[in-house]
Amino acid sequence: MRPFTLHEPTSAAEASALLLERGEAARLYAGGTELLLAMKGGFLPCDHLVNVKTIPGMDAVALDGGALVIGAAATHTAIESAPIVRERFPLVAQVERRVANARVRNVGTLAGNLCFAEPHSDPAALLLLYDAEAVVEGASGERRISIADLQIAPYETALEPGEVMTAVRISPLPGGARAAYLKFGIHHRPTIGVGAMLRVAEGVVVEARLSLGSVPPVARRLPEAEALLLGERAEHLNAESSAVAEVADAAAAQADAVDDLHGSTEYKRHLVGVFVRRAIAQAAA
Amino acid sequence: MSARAFSTVGQAVPRVDAEEKTSGRAKYTTDLALPGMAYAKLALSPLPHARIVSIDASRARALPGVYAVLTAAELTGMETHYGSDRKDRPIVAMGKVRFEGEPIAAVAAVDLAKAEEAVELIEAEYEELPPVIGLEAALAGESEPVQETNVCHRYEVAWGDAAGAMAACDHVFEDTFTFPMVYHYAMEPHAVIADYQADRLSVWSSAQHPFLVRAELARVFRKRLDQVRVVVPYVGGGYGSKSYTKIEPLAAALSRLAGRPVRLALSVEEAMKTVRRHATRATIRTGVQADGTFVARECRVELDTGAYTDNGVRVTERAADRLPGPYRFEHLRSEAVGLFTNTTPAGSFRSIGGPQGAWACESHTDNIAHALGIDPLELRLKNLVRPGEELLRGRRRLEADLAAPLAEVARGFGWHDYEPVSTAPHLKRGVGMACAVANAGASPISGAFVRLHADGSATVHVGTTEIGQGSRSALAQIAAEELRLPLSSVRVIASDTDAVPYDRSTGASRSTTLAGLAVHDAAADARAQMEDAAARYFETFAEQVALAEGSASFEGESISYGALIGQVFGGAGGEIVGRSAITPDHPSGKLAEDPVFWEVSMGFAEVEVDTETGRVRVLRYTSVADPGKAINPAQVEGQDEGAAMQGVGHTLFEEMRYEEGQLMNPNLIDYRVPTFGDLPDEFHTVLLERGDGPGPYGAKGVGEGGIVAVAPAVANALFNATGARIRDLPLTPERVWRALRETNDA
Amino acid sequence: MSSATPRIRVACEVNGRPVEAKVEPRAFLIDLLRDEFGLTSVKRSCDVQVCGACAVLLDGRPVSSCTLPAFEARGHSVLTAEGLADEPLGEALARAFAQHAAFQCGFCTPGLLLTAKALLDSAPAPTAEQVSECLEGNLCRCTGYKKIVEAVLAAAGRSAV
Ligand SMILES: Cc1cc2nc3c(=O)[nH]c(=O)nc-3n(C[C@H](O)[C@H](O)[C@H](O)COP(=O)(O)OP(=O)(O)OC[C@H]3O[C@@H](n4cnc5c(N)ncnc54)[C@H](O)[C@@H]3O)c2cc1C
């Protein structure tokens with residue numbers, strides 16, 4: 001691996017300035033579980049590493065109002081083991097506990113996962129079930145990016161040059177909402193991840209979100225399929241129901257799958273149907 | 001052998017390397033360093049097939065901190081090629097590259113970072129050739145062949161008139177099956193430290209066959225055998241990947257050029273591009289009578305042996321030997337052809353040709369059973385070779401009974417009254433079995449010395465390498481048993497061609513049987529000398545003295561070994577040396593025939609398949625191993641369980657995937673091997689101990705058998721559960737899903 | 001451009017003893033431990049954080065030292081298999097691994113012992129499932145895993161079911 005210089009800023013503004021100054025030659029570094037792998041493999045040349053972990057407070061996992069605020073330096077382990085996450089955002093804790101292996105979770109961060117924008121990501125798909133935002137800071141101050149707009153292509157985010165993600169803000173699910181996330185695959189990263197959120201009032205679905213990760217180039221919602229769930233009675237939404245089957249078909253039809261080592265487009269579309277059905281059934285149960 | 005009870009043989013005592021290996025102190029090749037040692041890095045061909053127009057290493061050589069850059073131009077005053085059967089492998093590519101990842105140059109530098117930097121500066125120009133990828137392309141031979149021809153080796157076993165006999169059979173069945181290229185993933189990638197000096201070449205290597213490496217190095221560098229020393233520290237797994245000679249000549253040539261010791265340690269990616277298992281396509285035709293009796297079999301296997309011969313000749317032969325399976329045939333023809341392609345060279349991998357053959361044979365057996373409406377167990381019992389019969393004509397007769405244990409383990413597994421439990425509509429369960437027996441390719445050439453020291457402790461010198469299989473422990477147990485010493489008084493030293501007698505190789509499940517016999521005989525020789533000494537001391541006959549627990553006794557008097565040795569040499573020093581040399585003419589008469597033993601494989605699987613995703617889980621797996629006599633039962637189980645788990649890998653996930661000659665998954669993220677999560681809920685090994693092996697106490701080899709039956713047992717279970725017959729491995733979820741869809745459509 | 005990068009002073013605790021070294025920013029923890037401190041139990045295998053052969057405990061938690069920069073050890077405590085052997089739990093695990101034949105080539109063993117220690121520190125009486133789940137990120141190519149689960153359970157004073 002080629003040599004690099006380590007920078008240890010003490011504020012996001014300083015980090016941002018360092019990035020702007022060095023341009024392409026500099027990269028933010030959190031856990032390094034992606035970045036250093038890529039650098040070791042010679043895929044990502046980088047002469048300056050800007051450590052986000054030296055910025056005070058970046059590792060916080062806290063509540064702000066009702067929202068969960070996860071600092072950009074918080075590791076997967078810190079997130080899944082935080083009592084407030086386990087109690088108030090149990091699904092986030094559950095999914096975070098099953099990202100990668102224990103060693104990667106002890107070092108890797110949620111922010112790093114999202115900012116790397118590797119298509120096979122669990123949190124990228126999960127967070128689409130929530131109203132969630134990335135908080136970023138750059139030369140022109142702080143802004144928020146809806147999680148749905150954060151990743152724009154494989155390995156590409158909406159962050160402008162010099163912008164640093166400082167936190168992820170996750171609003172609680174609305175009252176009456178139930179959610180599930182399922183992942184599947186035989187490789188280290190998921191072949192598919194599907195999330196389902198159903199808000200039920202008086203036994204009827206009044207809001208639905210379905211998210212799909214790892215199959216499309218960027219994790220996304222499945223709006224056409226979601227629309228079909230509105231007005232359905234929750235108690236009917238089991239794995240055998242025809243209504244759910246219809247939603248699953250719509251989801252599969254919408255999935256822009258790509259061929260890769262995880263499987264063919266055709267198979268992945270099929271999996272979308274299977275897991276959308278299972279996720280809905282689990283959320284409704 | 002007397003009826004004396006064993007003191008350590010047959011017991012699951014902790015391994016003698018436990019202390020070192022559980023404290024982090026065990027030393028492997030990369031844990032060693034020599035003064036002034038340089039670090040090496042390889043420059044690899046990015047292309048699968050090309051003529052080398054030029055290699056310019058001048059910028060790399062000019063980099064401060066670089067000691068030497070080796071290219072084909074520097075291979076002067078020495079042999080340039082090596083290989084176990086054919087010397088077709090250049091030390092670095094010469095004239096042509098034949099697979100992506102073939103070394104074209106190597107750098108020795110002050111540290112690894114510098115060596116890596118220098119490799120980046122090496123410029124090579126190529127003229128691309130169309131790559132020969134896959135068996136079809138190799139057979140078609142429409143573009144420039146990989147070697148002089150694409151055919152590496154042809155081989156056939158035959159008797160009777162298989163083709164003619166088919167016509168007279170009630171039924172003829174035919175199936176074709178493929179097996180993928182797979183990677184050993186020994187957790188320690190190949191590593192060598194070479195120290196070349198004018199009159200002496202010393203090499204520390206993670207080698208399974210140090211004496212074959214020594215001979216190869218002596219030939220390449222035109223030295224006498226005594227001038228070459230190969231030492232093998234602990235080895236982090238082999239499974240065949242470190243057999244014969246791999247990167248030792250390259251490291252030694254680089255050391256010669258650099259004028260200092262060189263360390264070459266491969267990465268996983270480089271190890272994947274060093275050796276792999278042969279991919280195969282096998283077709284089997286069987287002529288069967290209406291009652292299920294097998295009459296005739298014709299089979300053909302094509303093997304993808306990659307860019308160089310490596311062990312391709314032997315693997316090709318063994319594949320043809322093993323493909324027909326453990327059954328009797330009046331008429332047989334089994335042919336094999338090994339083909340060169342522009343991919344990683346294929347060599348030995350735990351049971352050469354075995355898993356590929358059993359995958360085809362045992363899947364085919366279940367197809368026949370299904371077509372004839374006969375229980376797969378019954379069909380096997382009917383056709384298995386019987387003890388005392390020849391499986392392959394003209395070879396050693398099968399000593400072991402296969403049918404009785406197969407039937408018995410089937411009973412224990414619940415074969416006859418199996419009822420699948422269903423926990424959800426999309427989950428289906430089923431059971432399957434497979435059985436095989438392999439002619440062990442073990443050559444009976446080994447020697448040992450046992451030195452009994454003046455304090456009554458003993459050192460065993462034997463050429464087997466400890467690659468994890470527990471050879472040092474089993475050999476120490478045998479020595480302790482024969483010397484009548486406590487196990488803690490016996491040390492087996494590491495393999496070092498300067499210090500231990502010749503042993504052909506560590507592989508083919510041969511160590512406990514053949515090196516074990518060498519140690520047994522050497523220890524018995526030392527014991528006989530002690531008995532004589534004791535007889536002289538007690539003034540009686542040797543038959544009258546008793547040796548036990550490190551002492552000799554006679555009529556209530558006893559003397560320790562140490563004191564007795566003092567008596568022999570008239571002082572405090574001296575030692576008794578016992579020695580042995582094992583050859584096919586061993587006085588037991590058991591090593592004269594080929595093979596020295598037959599290695600048995602049997603496996604029973606229960607699987608659960610998610611019919612919606614195609615994901616297969618192995619719920620229960622029972623494996624049968626036949627050690628004859630288990631010197632250390634826990635280690636035999638461990639060998640068998642490890643082999644079975646490795647089999648789960650090629651059954652469910654493992655496959656080296658090439659696209660246009662580029663390896664697409666050259667790392668452990670994309671090449672998936674089994675993890676703790678893949679452990680079956682119930683996982684057992686049944687040991688057969690009938691004392692019928694040619695080794696010490698009736699032992700015979702194990703360690704390869706466990707891998708052989710897994711894939712067909714699992715696929716047969718899947719067939720039992722769903723009716724889907726899959727003919728290609730691995731059984732990835734997608735492949736299973738497709739097969740289920742076709743089955744349901746049909 | 002190369003080698004002009006300033007070195008970083010790493011002061012940390014390794015196996016209970018304070019140590020210090022100067023490292024290049026690009027040096028990984030595995031290199032510091034093996035090359036500088038001679039702790040060769042830390043094994044390089046997959047080099048991509050999948051196999052666990054290079055696992056060490058950083059403040060009690062397993063990390064992949066093959067991909068973690070050495071400077072991350074500053075101010076922290078590192079435990080390797082050499083240090084674990086001196087701890088009571090380390091001895092219990094070593095004994096159980098020996099008695100249950102839970103290793104063969106031994107290349108994965110240091111990382112497994114450390115990962116098992118981290119598990120037993122947080123869950124002293126785990127179930128077989130918990131053991132498998134916790135060790136899921138460590139590969140072993142020799143044993144077939146069963147005997148490792150049995151050994152960890154035995155070290156925790158529990159027998160396999
Ligand atoms: C073996 C393995 C298995 C895995 N399995 C899974 C899995 O099952 N599911 C899953 O979802 N993921 C998986 N991952 C991915 C894992 O979650 C990520 O590696 C990890 O979360 C990345 O975090 P990091 O802190 O190490 O990021 P780093 O490597 O430090 O950074 C990653 C990228 O993000 C950028 N970056 C980091 N911080 C910021 C910031 N604050 N602002 C802007 N940009 C930033 C960096 O410049 C870099 O480009 C796996 C990874 C590995 C190695």
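Pairing here takes at least two DSSP bridges between two strands, and helices (H or I, at least four residues) and strands (E, at least two) are DSSP runs numbered from the N terminus.

Before I go on, a word on the model. It is predicted, so please keep the cut-offs in mind: local features need pLDDT of at least 70, side-chain atom pairs count only at pLDDT 80 or more, and totals for chains, interfaces and linings use all residues. Residues are numbered from 1 along each chain as its sequence is written, while chains are lettered from A and ligands numbered from 1 in the order in which they are written.

Back to chain B. That pair of strands sits in an open sheet of five, ordered β9-β17-β16-β15-β10, with mixed pairing. The edges are β9 (151-159) and β10 (171-179) of chain B; each has a single partner strand, so one side of each is left without a neighbour in the sheet. Ignoring direction, neighbouring strands are turned by 5° against each other on average. Axes, by the way, are lines fitted to C-alpha atoms, for helices over the stretch in contact, and angles run from 0 to 180 degrees between N-to-C directions. Helix α10 (residues 354-372) of chain B packs on this sheet and touches β10, β15 and β16 of chain B, its direction making about 145° with that of β10(B). Two residues are in contact if their C-beta atoms, placed from the backbone, lie within 7 Å.

Chain B has another open sheet to show you, with three strands in the order β23-β24-β25 and antiparallel pairing. Its edge strands are β23 (546-548) and β25 (557-560) of chain B, each pairing on one side only. Three bridges join β23(B) to strand β24 (residues 551-554) of chain B, and L547(B) stands opposite A552(B) in β24(B). Helix α14 (residues 511-538) of chain B packs on the sheet, touching β23, β24 and β25 of chain B, at about 45° to the direction of β24(B). Helix α15 (residues 561-569) of chain B lies across β24 and β25 of chain B, running at about 80° to β25(B).

Now, α14(B) has a helical partner too. Its axis and that of helix α13 (residues 471-483) of chain B come within 8 Å and cross at roughly 30°. The two are therefore roughly parallel to each other; the classes are under 35 degrees for roughly parallel, over 145 for roughly antiparallel, 65 to 115 for roughly perpendicular, and oblique for the rest. The crossing is right-handed, meaning that the near helix is turned clockwise from the far one by less than a right angle, with anticlockwise being left-handed. By class, this contact has ten nonpolar, five polar and two charged residues. Ala, Val, Leu, Ile, Met, Phe, Trp, Tyr, Cys and Pro count as nonpolar, Asp, Glu, Lys and Arg as charged, and the others, Gly among them, as polar.

Over to chain C. Helix α3 (residues 88-99) and helix α4 (residues 109-122) of chain C pack at an angle of about 125°, with their axes 10 Å apart. That makes α3(C) oblique to α4(C). Among the residues that meet are L89(C) and F97(C) from α3(C), and T109(C) and L120(C) from α4(C). The contact divides into seven nonpolar, two polar and one charged residue.

How do chains C and B touch? 39 residues of chain C are in contact with 44 residues of chain B. On the chain C side, the largest share, four residues, comes from α3(C). That side has 21 nonpolar, twelve polar and six charged residues.

Last stop, the ligand, which lies between chains A, B and C. 33 residues surround the ligand, and the closest are A30(A), G31(A), A100(A), G108(A) and G112(A); near means a C-beta atom, placed from the backbone, within 6 Å. Which element gives the largest share of that shell? α7(A), with five residues. By class, the shell has 19 nonpolar, ten polar and four charged residues. Thanks, everyone!
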